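Work through each task yourself, then read the solution.

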Amino acid sequence: MPAVEAPPLSERIAAARWYHSIELPGGVVTPGEYDLPDAIRRIPFPSSLSGKRCLDVGTRDGFWAFAMEARGADEVLGIDLDDPAGYDYSAPAPPLEPAVREEIDRRNSAFQVAHDALGSAVTRRDLSVYRLSPEEVGRFDFAFIGTLLLHLRDPVGALGAIRRVLAPGATLITNEPISIPFSALGRVPVVQPLMWPGLPFWWLPNVAARRRMVAAAGFAIRQAGRPYLMRYGPGWEHAPGSLSPRNLVQNPMVRWGAVHDCIVAVPHAG
């Protein structure tokens, strides 16, 4: 029988549901909800990861993992959960209707589409951050976690799990959304509880609380920049008119993106 030809890249991109805007060969950019090519220029992401073993926690479509590979990493592992039953819901997980299952499958396919188009050697595993251990995945010289801690019941525990798999002298970058109104309180750490029923949302810290979380997980902060706007990409579906007046009063920038805070840290010895 003749070999079945794979669908064109344009069809595979259209069939997937994209969270990340990823630049692919031929000038193609995936229609992600967030403009990560812009975000990576705004944070102190290493220009070279040559010789390093790297970990991308919550890899989703794989933008940050592919960026590590492009910067010369020897090996890159991305982890995420394929089944939403493993998410940290703030209430019992809702039943999966067929349409929801189809949407999840479309989202899960995005990584493989980009992986194939890039000819990537990145490995992706269905693995919870809480289960990270040297026995499970080995040790890493560099790790990145982005826009994930607000979805976790235990963000400090998750950061501590990452610390367990970092080699001596390794670096962690954590890039997460923050509460702008509460950050006006200065050095007072405050966390805004989200816990929306049926959704995997938990905590939105201010800048001071973000730093306290990282330190509590056993890290020393080496660099912490000013908050910046992670811009929405072409796949963002929430038009400004659909946003609540309360949110727009609290943070008018929500029309154009989500305010993030980036921290570079190293694990304490021991």
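This is a predicted model: local features need pLDDT of at least 70, side-chain atom pairs count only at pLDDT 80 or more; totals for chains, interfaces and linings use all residues.

Residues are numbered from 1 along each chain as its sequence is written, and side-chain values use heavy atoms, with hydrogens and water left out.

**Exercise 1.** Find Thr-30 and decide: is Thr-30 buried or exposed?

*Solution.* 
- Step 1: Look in the loop between strand S2 (28-29) and helix H2 (36-40). Helices (H or I, at least four residues) and strands (E, at least two) are DSSP runs, numbered from the N terminus.
- Step 2: Thr-30 has 0% relative accessibility, so it counts as buried. Buried means under 20% relative accessible area, exposed over 50% and partly exposed in between, with a 1.4 Å probe and protein chains only.
- Step 3: Leaving out residues up to four places away in sequence, Thr-30 touches Trp-18, His-20, Ser-21, Ile-22 and Leu-24; contact means heavy atoms within 4.5 Å.

**Exercise 2.** Which helix gives the most to the lining of the second largest pocket?

*Solution.* 
- Step 1: H2 and helix H3 (63-70) each supply at least two residues of this lining.
- Step 2: H3 gives the most, with four residues.

**Exercise 3.** Describe the ring pair of Phe-45 and Trp-64, then the pair of Tyr-232 and Trp-236.

*Solution.* 
- Step 1: Rings of Phe, Tyr and Trp (its six-membered ring) pair if their centres lie within 6.5 Å; planes under 30 degrees apart count as stacked, over 60 as edge-to-face and the rest as tilted. The structure holds 13 aromatic pairs.
- Step 2: For Phe-45 and Trp-64, the centres are 5.5 Å apart and the planes stand at 40°, so this pair is tilted. The pair links distant parts of the chain, 19 residues apart: Phe-45 is in the loop between H2 and strand S3 (53-57), and Trp-64 is in helix H3.
- Step 3: With centres 3.8 Å apart and planes at 5°, Tyr-232 and Trp-236 form a stacked pair.
- Step 4: Tyr-232 is buried at a relative accessible area of 15%, whereas Trp-236 counts as partly exposed at 22% relative accessibility.

**Exercise 4.** Which residues do ring pairs link into a cluster with Phe-45?

*Solution.* Follow the ring pairs: Phe-45, Phe-63, Trp-64, Phe-142 and Phe-144 are linked into a cluster.
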